[in-house]
Amino acid sequence: MTIEQNTQLKQFGLSAEQFAALFPFHLVINRELNIVQSGEAIARILQPEILLDSSLTEHFHIYRPKCLANFEALCQQTRSLFLLQSQHQEIGLKGQMVYLEPWDHLVFLGSPWITDIADLQKLGLSINDFPLHDSVSDYLFLLQGKNAALADAQKLTAKLKQQRTQLQATALRLTTLIESLQVGILLEDENRHIALVNQEFCDQFGIPVAPQALQGMDCQQAGEASKHLFVEPEKFIRRLDEIIRQGQIVRNQEWELTDGRILEQDYIPIVVEQRLYGHLWKYTDITQRKQSEIALRLSEERLKLAVDAVEEGLWDWNLVTGKIYRSRRWFTMLGYAPEELENHIKLRNKLVHPEDLPLMQQRLISHLKGDTPVYEMEMRLLTKSGEWKWILDRGKLVSRDFQGRAVRMVGTHLDITERKQAEQTLKQQYQQAILLKQITEEIRQSLQWEKILQTAVQEVQRILQVDRALVFQVDADGSGKVVQEAVISGWSMTLGQDIYDPCLQDGYLDMYRDGRITAIGDVYQAGLKPCYVDFLQQFQVKANLVVPIRVRQDLWGLLIVHQCDRPRQWTQLELDLLKHLADQMGIALTQSQLLVQETRQAHLLALQNEELSIAKQVAEAANMAKSNFLAMMSHEIRTPMNAIIGMTGLMLDTPLKPEQLDYVETIHNSGHALLTIINDILDFSKIESGNLELEEQPFDLRVCVEEALDLLAPQAASKGIELMYQLEPHTPTLIVGDITRIRQILWNLISNAVKFTDFGEIVVTIGAKAKIHKQATTPRYEFQFAVKDTGIGIASDRLHRLFKPFSQVDASMTRRYGGTGLGLAISKRLSEIMGGRMWVESQPGKGSSFSFTATLQVHSSAIDSSTTIEPELLGKRLLLALGNASLRRCLSTQLQGLGFDVQSVESNMTALRCL
């Protein structure tokens, strides 16, 4: 108690010791409701809580009277009985508030609210702790005497009742035990004869009689008869005799039976007033419990192995005691042994990095309040080696008490140091990429090399915060000139100066030509050559970083940054940034040079294109004149040629001598051949000049194909060649187009096939598929024609010559088979004019397949009606016998289209067997 407090108490007429003796449970409260003084007894009860200088409401809840917890409200209730309930102990105080007006304080004069003597022991109080004037002490004396008398009365009553109902109670207890306990019960009298046994006991030992039949049996003889059930029978008998002899209570004695069961044996001697009345045995089958214990032990061992094996450390925190369990992995993660650290939560704050501690505590409190479902924090922990290691700390509150206060929390520790280092590296790389992108974009906005260099040095000086950034263009002899510079005010300028560095010739120049960088953190401590130190001192340099700028692998110049006010250690990020920037500057300088070259070349190219355009117009005019001339001359030549063919035809109808007949036939055949050549030249000329016009007339596709075949049928028949065609199902036959040009293409292809085929067959196949055109009003199909023969074939390296004008596979073809080489060229161009294409597939010795497509209009009535099924033929069976497989297939398809059910065979004998 302070001197000031002592002086205050004396003004009441009492010394401090007298006041404390009269009121051991008093509290002095100031206007802010802070406790400024307390009695010794109440301070002792509430330990370890400190009452002084703390708020009254922090330690007590005012149950009575019902008023606001402020100084004025309490002063108005000084005539009321106050009941204060402790926030920390199960104790209440009753008393009165007294207002001390001179000192503007309240004094609470009270005592504990006690209703039982046991409450004194719980609180660690005695009657001597209460002042003599307090009525509580009298009440306690009376209560103590009353309790003692009541206890004596209860004991006397129980003894009288026990003596009166001893036999009845004993029988009732035994009956209750037998009925309620699912264990084997054996009750012996003092002579070791069976007095009582239950059915569970009989079942345990395999006794086939009713329990009542065992009463009066000698237990020693029964034990000898049953000992064979035990794995250690002799030990069992000896132990029974030992237990009876000692006469002490025995619990949890385990015995293993031969059938694998385990029984737990309990023994209680029945002794009343120092007299032995009998023996009570209890047998419990604990086989399942033992199996469960073994399984649990194995599970715990496996769990321990799993915990030790995982990468994460485990922790289990008791929030009430502050004790915390940590797995072995938790310790090894930080380099500690388990015995080196205390198992208290206070250790955590010592290991957590000071910068991470506030956020960790904030997140932990949020989780304990229930604001977050889990607690998670990435923080740095101090390892045994003194290094900081990044740890992912995760946990969850798993238990609260009945008042909702947190009791238990479990969680894990995971080492994420490598991940954080990777994230930091990635972050640095990302920042470097962003900076480089910004500088690169600003550099490439202009391809003027002066602007490029100016932008580069300005951005480097701004980003790296250096005193000077410059670009030094290097000559072949090591001398050069500062062409761009960005320098902080106060430092000397070097822009435009011609500089000669003698050290460049002494090894440095070759190093920069190889693309290597020079990074000097402290000019005076780097061990540089004296000439280089003297050179840098001219420009007040204390730290230097030099990166070569190369254009097309040649050294163009140097990107240099200077720190003049202090030494500076250059980071790898800064080195990489300047290296990439120098590369981009080299690329930009290259592009700038290329732009100048391309501008010059573009001007020359424009002049050349103008000359080429004039030459092209002249060539096109000449080509058009040639085509017009050929078209006109072919027409003029064809007129007299028709007269020659007609006259020779008339002469062949007159009587002629054999020699004259031979002459006329030669003239007639030669005229036809010449007319064919003239017609091909005329068609080719029209195509080349763009004067060929296609007709748009409806025609029957079958008629077109058959006419082309009819023209060549005699030649095919003379060589013994099968000539056939096959129309694929659902191919429209009513077409709108130029029948003459389609027949011309077919005739060219079929005639070539007949010309180059000596035996076998020629098959013409036609198919079609619809084409979708958004703006087409009439349906259009893409027709595909294929002419396949079994002729001599064409080598793959000769196929490219086929469709060239006036070209054949080789010169021998012309000598042997004749022809101008225009037929396929004309056919290909006609196919392309009709919206298609032409191609060939061939193998030497096996034949060729020429295909072409054409896009043609189809009459709507012809769609899906290419084959008309005759009703009278529908379902009729027809047997077709043909040796030629292709012909058999073509006829089968056509007959099936008419409605026949066709069965085709390869020979007459097979046909007879089918009949």
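Predicted model: local features only at pLDDT ≥ 70, side-chain atom pairs only at ≥ 80, totals over all residues.
The space inside the second largest cavity comes to about 160 Å³. Fifteen residues line the second largest cavity, and those closest to its centre are Ile 324, Ile 345, Arg 348, Asp 393 and His 413. As for secondary structure, at least two lining residues each come from strand S14 (324-326), helix H14 (346-351), helix H15 (357-368) and strand S15 (375-382). S15 is the top contributor here, giving three residues to the lining of the second largest cavity.

The search of the whole structure turns up two cavities of 30 Å³ or more. The largest cavity holds about 220 Å³ of space. Its lining takes in 18 residues, with Phe 472, Asp 501, Phe 535, Ile 560 and His 562 nearest the centre of the largest cavity. Two or more lining residues of the largest cavity come from each of S18, helix H18 (502-513), helix H19 (530-537), strand S22 (543-551) and strand S23 (554-563). By class, 14 of the residues lining the largest cavity are nonpolar, three are polar and one is charged.

Next come the charged pairs. Side chains of opposite charge can pair when their charged atoms come close. The count for this model is 37 salt bridges. Lys 227 turns up in a salt bridge with Glu 224, at 3.1 Å from N to O, and in another with Glu 234, at 2.9 Å from N to O. Glu 224 is partly exposed, because its relative accessibility is 41%, and Glu 234 is also classed as partly exposed, with a relative accessible area of 43%.

Glu 485 and Arg 468 make a salt bridge too, with their closest N and O atoms 3.3 Å apart. Glu 485 sits in strand S19 (residues 479-487) and Arg 468 in strand S18 (residues 468-474), so this pair ties together parts that are 17 residues apart in sequence. Both partners count as buried: Glu 485 has a relative accessibility of 12%, and Arg 468 has one of 0%. Elsewhere, salt bridges with shared partners link Glu 254, Glu 264, Arg 289, Lys 290 and Glu 293 into one network.

Helix H23 (residues 739-755) contains Leu 749. The buried residues of H23 include Arg 741, Ile 742, Gln 744, Asn 748 and Leu 749. Leu 749 counts as buried because its relative accessible area is 2%, which is under the 20% cut-off for that class. Leaving aside residues up to four places away in sequence, Leu 749 touches Val 787, Leu 824, Met 838, Phe 850 and Phe 852. Leu 749 and Ala 786 are 37 residues apart in sequence, and their C-alpha atoms are 9.0 Å apart in space.

A few backbone details also deserve a mention. Gln 47 and Pro 48 are joined by a cis peptide bond, with omega at about 10°. Pro 48 belongs to the loop between helix H3 (40-45) and strand S3 (54-55). Gln 540 is not a glycine, yet has a positive phi of about 60°. Gln 540 is in the loop between H19 and S22 and is partly exposed, at 35% relative accessible area. His 730, another residue other than glycine, has a positive phi near 65°. The loop holding His 730 runs between strand S25 (722-727) and strand S26 (734-737). With a relative accessible area of 58%, His 730 is exposed.

For the chain overall, there are 27 helices and 32 strands. Of its 915 residues, 39% count as buried. Among contacts between residues at least 6 apart in sequence, 55% join residues at least 24 apart.

Technical notes
Residues numbered from 1 in each chain as written. Heavy atoms only, no water. Helix = DSSP H or I, 4+ residues; strand = E, 2+ residues; numbered from the N terminus. Buried < 20%, exposed > 50% of the residue type's maximum accessible area, 1.4 Å probe, protein only. Contact = heavy atoms within 4.5 Å. Salt bridge = Lys/Arg side-chain N within 4 Å of Asp/Glu carboxyl O. 1 Å grid on protein atoms, 1.4 Å probe; cavity = no way out; pocket = protein on both sides within 12 Å on 5 of 7 lines; lining within 4 Å. Points joined across faces, edges and corners; volume = space filled by probe spheres on them. Nonpolar A, V, L, I, M, F, W, Y, C, P; charged D, E, K, R; others polar.
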